[in-house]
Amino acid sequence: NGYSILAANSMLNEAIKPVTSPAAQMFNDPRKVIAHEYFHSYQTSHAVRMPGGSQSDSLDQVANVGPVWLMEGAAEYAAIRVSALEGWMEWNAQMRAIMDVSLRELADYPNMSIEDNATLSQKANNELISPGVDRALTYELAAWAIAYAISISTHDAVMVKYWDDLEAHGYEQSSERNVGVSLEDFYQEFQVFREKTIEEQMSVVTTQINN
């Protein structure tokens, strides 16, 4: 589709670790990172005919492709899914590890969640709070939000049909059509999900790579 993926040498030189390595040591696996970036090209290709393309008119507005957390969370989810299906890393270990990161980085900000990371302006403010908060709301917790959305819908609805519906319906209607609830209701439901134990959360996503 004409997109290019640029990657730094430092990323490409990252050592490939055995699948049995601790999950956190595999966050920067170059295969996973490239899968993440490749999914971005898939996402943005669905907005090329929308006014302004994949962007928004203002840093304070949600982009045409959807909130920051959804854009990045879906790419991160896709990367972990591919990595697990290809046997590069273990699904449950990775999902548990990124939830651990979220809990740690947001421990001092219990009222912050993905809805606080919908626009580029919000993302910049989160980074001012701390790089860890920004990362958790952009990647780790966001990937779990995608996993939760899939659990109340389907994989294809969230990872394929949402993007197919963007041009005709916009991100809000596309989300409601494919997740089954409005974004506002989803934020409330996801907050309830976050309050569950890690074992209860894991029971929701354990089988997702087989569906």
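## Second largest pocket

The second largest pocket is lined by M11, F27, N28, K32, V33, H36, E37, E72, E76, R135 and Y139. A pocket here is an open set of points on a 1 Å grid over the protein atoms alone, with protein on both sides within 12 Å along at least five of seven lines, and lining residues have an atom within 4 Å of a point. Two or more lining residues come from each of α2, α3 and α6, and α2 gives the largest share, 4 residues. Helices are DSSP runs (H or I, at least four residues) numbered from the N terminus.

The volume is about 210 Å³, taken as the space filled by probe spheres set on the points, which are joined across faces, edges and corners. By class, the lining has 4 nonpolar, 2 polar and 5 charged residues. Ala, Val, Leu, Ile, Met, Phe, Trp, Tyr, Cys and Pro count as nonpolar, Asp, Glu, Lys and Arg as charged, and the others, Gly among them, as polar.

## Model basis

The model is predicted: local features need pLDDT of at least 70, side-chain atom pairs count only at pLDDT 80 or more, and totals for chains, interfaces and linings use all residues. Residues are numbered from 1 along each chain as its sequence is written, and side-chain values use heavy atoms, without hydrogens and water.

## Largest pocket

The largest pocket holds about 350 Å³. Its lining has 22 residues, of which T44, Q55, V65, M71 and E72 are closest to the centre. α2 (30-44), α3 and α5 (120-129) each give two or more residues, with the most, 4, from α2. The lining divides into 10 nonpolar, 9 polar and 3 charged residues.

Definitions and conventions. 1 Å grid on protein atoms, 1.4 Å probe; cavity = no way out; pocket = protein on both sides within 12 Å on 5 of 7 lines; lining within 4 Å.
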